[in-house]
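Trainee: I have the structure open on my screen. Could you walk me through a few parts of it?

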Amino acid sequence: MATTGKVVGVNGNLVSVEFEGDVLLNEVAYVVLQEKRLKSEVIRIKGKIADMQVFEIIKGVGIGDKVEFTGNMLSVALGPGLLRQIFDGLQNPLPQLAEKCGFFLDRGVYLDSISSEKKWELTPRAKTGDTVRRGDTLGTVPEGIFEHKVMVPFNLYSTYKVKSIADKGEYTVKQQIAELEDEDGNVIPVSMVFEWPVKKAVDVYKERLKPVDPMVSQIRIIDTLFPVALGGTYCIPGPFGAGKTVLQQLTSRYADVDIVIIAACGERAGEVVETLREFPELTDPKTGKSLMERTVIICNTSSMPVAAREASVYTAVTIAEYYRQMGLNVLLLADSTSRWAQAMREMSGRLEEIPGEEAFPAYLESVIATFYERAGIVENMDGSIGSVTIGGTVSPAGGNFEEPVTQATLKVVGAFHGLSRERSDARRYPAIHPLDSWSKYAGSVNADKADFARNALFRGDEVSQMMKVVGEEGTSNEDFIQYLKGEFLDSVYLQQNAFDKVDASTSKERQKYVFDKLLLIIMSNLALSDKDEARSFFNQLRQKFLDWNGSAMDTEEFRKTEAELMDMVTNKSSEPMSDLIERFEKKFAE
Amino acid sequence: MRKIYNRIEEIKGNVITVRAGGIKYGELAEITSAHGKSLAEVILLDGDKVSLQVFSGGRGISTGDEVRFLSRSMMVSFSDNLMGRIFDGSGNPRDNGPALEENLIEIGGPSVNPAMRIIPRNMIRTGIPMIDLFNSLVESQKLPIFSTSGEPYNELLARIAMQAEVDLIILGGCGLKYDDYLFFKEKLEEGGSLSRSIFFVHTASDPVVECLMVPDISLAVAEKFALNGKKVLVLISDMTNFADAMKEIAITMEQVPSNRGYPGDLYSQLASRYEKAVDFEGQGSITILAVTTMPGDDVTHPVPDNTGYITEGQFYLSNGRIEPFGSLSRLKQLVNDDTRDDHRSLMDGMIKLYASYKETLEKKSMGFRMSDWDDKLLKYGDLFENELMDLSVNIPLEKALDKGWEILADCFTPEETGMRTGLTDKYWPKQ
């Protein structure tokens, strides 16, 4: 019999309930108002009192209102039909909700996350009599550009015999497609959809592997200097207006992965709208289909109830893990994890827990660590390799990276792309700071070359600092050229024009090619007699290089600009080009 | 059935506690004390203990005063009769006009479904070149005006209220000085804009709880008008007072403060107000401009900082001008493409030159010798500041663009401006 209870206290969106029977931590319960049922989650149990966070506007709840417990933890539905969808933090499909309720998000309306009417063309893969375990493939259905594996539900923990399996044909997700018999002879009917609790990591794999292969984002500064590995984690902290969201949008467009899950968590609705309205129009260069085909959007913007915001990142990561089980590379972009942490802080405050730094709860670090640890690359039971890569933005208060959320995040991620106010004010986009940021992963270009570039930047920066004190006059020509080289590297390679068709995304191959040429220029010994000549030379060179960046690879224009560019260098070089190339090859010989 | 209680157990600041049954969260009550009647809202339920925040404040409330629960939440009347009227934070008239009781609507309603939003596309003209030309205001945008205390932000708001091309202005005053309130009233009366305006004003001497209601009440009314096809501009002055009022209540309620005493949900609270800015497809829209004074001119103070993360850009007001560098309208690219073909280039070009002017100014102050180019820049900077940046300049966008070209022609040759030849050929003023 289901447990029921009565409301005995209301404090903001925290409701205390006196209950009869048993209650689970993280169990879902509904507060029953006259006409509405408000979804909530148990977050603390004390004697006969359960404290619950309510995922809806709380107005109108009173003492004595009835509460119905469901016996299940907060879960998401997993099955075909998740791609292309736009959900709120609790996996409510927003477009369908709009059809039903109009402009506003009426509370207490919960729709099927996965359409129960749509039919899917099932091809059975398992046969009657097969022995299967959780995560094994029973059949496949085509979902857009992917072959979606219909698996034995992850929450069936023993070994089963396939007692019957559906014939090839069209089924809805709710229809039974197989019967499984466990060792004790119990028969379990299985459909294409099942539920999994969001706060539990999906653990159906042979082993976790080390993230090695780079995830190509097509953003040069990331791929070359601060790479991210498939199955790795990274964070993007930055003050407001530094371009976090634009960077996430670019990544969601161009990243070389199979599926992108965008968790818009507590940010502006306007930004999600851009993605919502533009993605269906954009084509994915890899497949030629609409970008929406590979995208799931979880959208719990800042004005939506805060408890659902806390749940939204878990909803997103669970869906990511589900597709990982099919051997796909999934990228989860969470914007912003600070808002998620703030949601935790709000609940913690209402629970009157002893506050940690800046009133964040003491368990902040471990919760953040657990979340990022759900990223990873795994070998599935069937030998396929799948990965979940997590990239989270952080919005530190006052742009100060010393605050708890940034610090807790830095401890667990593999790469740090710190955005800086100075760079964004100077319109140097993407505003990732080239000297402060770091990555622990191997990139797509040779590490020695990347180090060399970093050194050049560092030297350039040193000279520029010095110049602020002694002025241009007090700087030697040689130092001045170092400074110009650093600036040059920054403006033609690290900066990227997001609005230019060609420059917005740079493939791995192009990065390697262009970076080599760039390093040649940096390594060259230039015969420039004074500072004015040097400055004007580098200005011209920069202009040419930017033209080069704007021309598509393997075109006549590309080759022509490249030749002109190299000619400019040859003319000013104090050694023949062949010597320079020899020096270059010797330096970076394996 | 209305429930009446005569025993107030606790009075703490603006919050009182009574023992009562069957009360809902967010319900309103009316308290009758020796000093008159006041509304109060339920903000905490703990068993049969009910805590309410009293709109008129806790001062002068007796433990024996009568508390009558109204079985409804906070509402405001909505009709065309609101036009030209002035109310306080509880929705009571401030202008000696009749109280409005008909067609009550709820305040603080649900947020808009993101799937129903559209990409903003219409510019709102204000006649202020620093806005129209350099940082265009876009319908459904939410923008704060970051300002220090002494800046003429209310003058700016009043000018926008008079000149903005919208159907309806709603002015929300949070902790306005009484003088400022009178200033707004007079200015709009003079300018003849009062008839298309609605004021919800909380002045600094009014009870602090009413300050909390002002944004909600203003936005609830704005939302209804927008759904009826009106283009509404909501002006609020000043959101920092609103945040401070929230802080006051939170501390009274013994909530754990997070940053400089502000409650942990400051971001969510501000966001739920600002996110009311929306363009209802096929209906009207809400645009929000809200003054946020920065204590100590510190943009990292929690209120401007959290606001910056929520809004779509910001205007910086300093030295009596809208500062061209810190200010940013993040949506301007969506509209300044189809105004005039020189809009974008002129906007960028003039700002770049102004940046060079600032550098020259710095050099000059350090005693370096001025070159010819420097002299040109100095002349340009002066003209730019006086003829475009000055807040008293009041010209439509097209005139402002022409003015921009005039200033450029006054100081430079076409090549020196770094503008494309096509544009200079077309727009460079002929002598």
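Mentor: Happy to. Keep in mind that this is a predicted model. Let's start with strand E13 (residues 142–147) of chain B, which pairs in the parallel sense with strand E20 (residues 285–293) of chain B over six bridges.

Trainee: Which residue in E20(B) stands opposite Leu143(B)?

Mentor: E13(B) and E20(B) are parallel partners. Within that pairing, the residue standing opposite Leu143(B) is Leu289(B).

Trainee: How many bridges join E13(B) to strand E21 (residues 313–318) of chain B?

Mentor: E13(B) and E21(B) also run parallel. One place to look is Ser147(B), which stands opposite Leu317(B) in E21(B). The number of bridges joining E13(B) to E21(B) is three.

Trainee: How many of the six residues of E13(B) are buried?

Mentor: Take the two faces in turn. Lys142(B), Pro144(B) and Phe146(B) point one way, Leu143(B), Ile145(B) and Ser147(B) point the other way, and all are buried. E13(B) is therefore largely enclosed by the rest of the structure, the count being six of the six.

Trainee: Is Met239(B) buried or exposed?

Mentor: Met239(B) sits in helix H5 (residues 239–252) of chain B. Its contacts, leaving aside neighbours within four places in sequence, include Pro144(B), Cys174(B) and Val291(B). A residue needs 20 or more other C-beta atoms within 10 Å to count as buried. Met239(B) has 26 such atoms, so Met239(B) is buried.

Trainee: Which helix gives the largest share of the side of domain 3 of chain A that touches domain 4 of chain A?

Mentor: In this contact, 16 residues of domain 3 of chain A meet 19 residues of domain 4 of chain A. On the domain 3 side, the elements giving two or more residues are helix H2 (220–225) and helix H3 (244–254) of chain A. By class, that side has 11 nonpolar, two polar and three charged residues. The largest share, five residues, comes from H2(A).

Notes:
Residues are numbered from 1 along each chain as its sequence is written. Chains are lettered from A and ligands numbered from 1 in the order in which they are written. This is a predicted model: local features need pLDDT of at least 70, side-chain atom pairs count only at pLDDT 80 or more; totals for chains, interfaces and linings use all residues. Two residues are in contact if their C-beta atoms, placed from the backbone, lie within 7 Å. Helices (H or I, at least four residues) and strands (E, at least two) are DSSP runs, numbered from the N terminus. Ala, Val, Leu, Ile, Met, Phe, Trp, Tyr, Cys and Pro count as nonpolar, Asp, Glu, Lys and Arg as charged, and the others, Gly among them, as polar. A residue is buried if 20 or more other C-beta atoms lie within 10 Å of its own, exposed if 12 or fewer, and partly exposed in between; C-beta atoms are placed from the backbone. Two strands pair if DSSP finds at least two bridges between them.
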